[in-house]
Amino acid sequence: MNILNLFKPKEEKKKEKKKYISYNQRIIDHLATRGFKRKNMNFFVRKINEDITQSIIFGHSPQGRAHAKYYDVRVCIELPKVLKTAKELDIPISRVALFSSNIGELMNPSSYLEWLVTEDSSESYDNGVVDSILEHIDRYAIPLLDKFCTVSSIVGEIKKRGRLYRISDDMHACIALLLYEEKKDFFWFVEQRSYEMQFSIYDQEVHWDYRNPGVPLNKICKSFLDMVDKLEPLWNT
């Protein structure tokens, strides 16, 4: 042995990088008790049936900070048959999910919510983050997902223009109404939305028949009704 080696400073053990928070076993186990299976890196999925899929998604961003991650949790409801139908009829849908929201936006008052974890944050701090995330999931995400776990509850929310609809996509709503409700509900919805798109700058009510408008359509309304026309194979069945 070279005696000089005895006086060399010991190399510090390389610090192991923290795993993404969605790998945390407590989170995995806790969501499993609620019926969610981990899929890919950041997705937890609960398939209610062939019509409804629910997801809890963990996003992350450093926001310009080295060795840091700001985690946000999103709550999503998907209608696979709606997406399949849109693809078959070549109808663009802006969002994969009918409903997708940061968990903080489910609170009252709502606010964008995220949690910071750094490479240097302590185990105690990290455990507190996990506790807080799970508490918010149980308090805000699970009740909403349990409430909207049937097609009747979802289309009912669309018809009354409730929370699920307000941050959704109009064509998502149209196809869902055609697949799961009476056709009269679909035609009512189209009339309401096309009126709002055509006359949004007017205060007074005007007579409106979107099938025979009698006035030039503005760009937004025309685009919407052009997409509605593509749904004719559904309402004629």
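Student: In which segment does S22 lie?

Tutor: Happy to take you there. This is a predicted model, in which local features need pLDDT of at least 70 and side-chain atom pairs count only at pLDDT 80 or more, while totals for chains, interfaces and linings use all residues. Residues are numbered from 1 along each chain as its sequence is written, and side-chain values use heavy atoms, with hydrogens and water left out.

S22 lies in the segment before α1, the helix of residues 25-33. Helices (H or I, at least four residues) and strands (E, at least two) are DSSP runs here, numbered from the N terminus. With a relative accessible area of 0%, S22 is buried; that word means under 20%, exposed means over 50%, and partly exposed is in between, using a 1.4 Å probe and protein chains only. The side chain of S22 has a polar partner in the side chain of N42, at 2.8 Å. A polar contact is a pair of N or O atoms within 3.5 Å; within protein, one must be able to donate a hydrogen and the other to accept it, and residues adjacent in sequence count only if both atoms are side-chain atoms.

Setting aside neighbours within four places in sequence, the residues in contact with S22 are I28, R38, M41, N42, F44 and F58, where contact means heavy atoms within 4.5 Å. Two of these names lead onwards. R38 places its charged end over the ring of Y23, 4.1 Å from the centre; the rule asks for NZ of Lys or CZ of Arg within 6 Å of the ring centre and within 35 degrees of the ring normal. Between β1 (37-39) and β2 (43-47), the loop holds N40, which has a positive phi of about 60° although it is not a glycine. N40 counts as exposed, at 58% relative accessibility. For context, most residues other than glycine have a negative phi, and most peptide bonds are trans.

The other name is F58. Beyond four places in sequence, its contacts include S22, N42 and F44, along with I133 and I137. F58 also opens the way to the largest nonpolar core, which has 62 residues: F58, I137 and L231 touch the most other members. Helix α3 (residues 123-147) gives the most to this core, with 9 residues. Such a core is a set of buried Ala, Val, Leu, Ile, Met, Phe, Trp, Tyr and Cys residues joined through side-chain atoms within 4.5 Å. In soluble globular proteins, nonpolar side chains tend to be buried together.

Now for helix α8 (residues 219-229), where the buried residues are C221, F224, L225, M227 and V228. They lie on the same side of α8, because they cover an arc of only 155° around the axis, taken from the directions from the helix axis to the C-beta atoms. Their cover includes α6 (170-180), α7 (183-198) and α9 (232-235). At the start of α8, a side-chain oxygen of N218 comes within 3.2 Å of the backbone nitrogen of I220.

Rings of Phe, Tyr and Trp (its six-membered ring) pair if their centres lie within 6.5 Å; planes under 30 degrees apart are stacked, over 60 edge-to-face, and the rest tilted. By this rule there are 7 aromatic pairs. In one of them, F187 and W235 have ring centres 5.7 Å apart and planes at 65°, so the pair is edge-to-face. Because F187 lies in α7 and W235 in α9, the pair ties together parts that are 48 residues apart in sequence. F187 is partly exposed at 25% relative accessibility, whereas W235 is buried at 18%. Ring pairs join F186 to these two in a cluster, and R211 lies over the face of F187, 5.9 Å from the ring centre.

S101, in strand β5 (residues 99-102), is buried at 2% relative accessible area, and its side chain makes a polar contact of 3.2 Å with the side chain of E105. In the loop between β5 and β6 (115-118) you will find P109, joined to N108 by a cis peptide bond with omega about 0°.
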